[in-house]
Amino acid sequence: FCAALAMRERLVGADHPDYSTTLNILSVLDYYEDDLAAAAEKMQRVSEIHEGHYGPDHPSGNVYRSNVVIFLRNAGKYDEAIEAQERNVASMERTLGPDHAKTLTGLNTLAGIFVLKRDLARAEEIGERTRARVQEVHGEGGLLADCTETVAEIRWAGGRREEGPTGRRQRAAAAGRQPHVRALAQDGIVRAIEVRCSCGDIVTI
């Protein structure tokens with residue numbers, strides 16, 4: 001892959017989407033090798049190249065930005081992960097609307113990162129607001145359950161044990177033991193592949 005990346009740089013330059021395609025693969029490989037800092041750095045560059053060519057609100061850009069957030073979060077770079085996720089949510093608000101399920105899912109993810117940063121006040125503000133909006137717009141369902149569990153985890157982290165988590169971590173761990181590989185096709189052509197990592201995260205290559 002490194003040889004292929006060098007060849008693409010010679011052929012099309014380091015700012016071309018073809019270059020970023022190979023760099024994306026190397027980023028995911030770094031992630032699997034637990035070199036999280038290197039994975040995040042490469043994925044950030046992939047996202048920048050894509051945004052430079054297609055603009056900040058291209059639909060597939062959310063895929064790369066989401067990967068950036070996962071890698072930064074798992075590397076413990078919470079401030080950078082929060083900044084990246086805020087940009088991701090802002091893009092979804094512009095393109096999908098503030099009440100779209102993906103936008104609200106992004107806000108729920110943002111609340112979870114604030115928990116890891118131990119900024120529980122900000123986490124609860126976002127989590128409660130997101131859960132209320134999901135309940136109002138989408139009603140009962142999987143997304144509302146996810147948001148409810150996030151709020152419960154925030155309260156648990158703040159010492160309110162009687163309002164603690166309802167098992168999402170355990171389910172995520174169990175899900176991580178199950179294989180997950182899915183081809184994402186458009187117009188009959190495979191454009192990307194989803195792979196579940198051992199930690200339960202799903203990244204796109």
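**Salt bridges and a helix pair in a predicted model**

E125 and R122 form a salt bridge (a side-chain nitrogen of Lys or Arg within 4 Å of a carboxyl oxygen of Asp or Glu), with their closest N and O atoms 3.1 Å apart. The structure is a predicted model, in which local features need pLDDT of at least 70 and side-chain atom pairs count only at pLDDT 80 or more, while totals for chains, interfaces and linings use all residues. Residues are numbered from 1 along each chain as its sequence is written, and side-chain values use heavy atoms, with hydrogens and water left out.

Both E125 and R122 belong to helix α7 (residues 120-137), where three residues, about one turn of the helix, separate them. Helices are DSSP runs (H or I, at least four residues), numbered from the N terminus. E125 is partly exposed, at a relative accessible area of 45%, and R122 is also partly exposed, at 28%. Here, buried means under 20% relative accessible area, exposed over 50%, and partly exposed in between (1.4 Å probe, protein chains only).

Helix α7 also holds R131 and E128, again three residues apart, about one turn of the helix. These two residues form a salt bridge in which the closest N and O atoms are 2.9 Å apart. Through salt bridges with shared partners, E124, E128, R131 and R155 are joined into one network. E128 is partly exposed, with a relative accessible area of 24%.

In total, the structure holds 13 salt bridges. One of them pairs the side chains of K42 and D30, at 2.7 Å from N to O. This pair links distant parts of the chain, 12 residues apart, with K42 in helix α3 (residues 36-54) and D30 in helix α2 (residues 17-32). K42 is partly exposed, its relative accessible area being 25%, whereas D30 is buried, at 16%.

Helix α4 (residues 61-74) and helix α5 (residues 78-95) have axes that come within 8 Å and cross at roughly 160°. Axes are lines fitted to C-alpha atoms, for helices over the stretch in contact, and angles run from 0 to 180 degrees between N-to-C directions. The crossing angle therefore makes α4 roughly antiparallel to α5, a term for angles over 145 degrees.

In the contact (heavy atoms within 4.5 Å), N62, R65, S66, V68, V69, L72 and R73 of α4 meet Y78, E80, A81, A84, Q85, N88, S91 and M92 of α5. By class, the contact of α4 with α5 has seven nonpolar, five polar and three charged residues. Ala, Val, Leu, Ile, Met, Phe, Trp, Tyr, Cys and Pro count as nonpolar, Asp, Glu, Lys and Arg as charged, and the others, Gly among them, as polar.

How values were computed: Helices (H or I, at least four residues) and strands (E, at least two) are DSSP runs, numbered from the N terminus. Angles under 35 degrees count as roughly parallel, over 145 as roughly antiparallel, 65 to 115 as roughly perpendicular and the rest as oblique.
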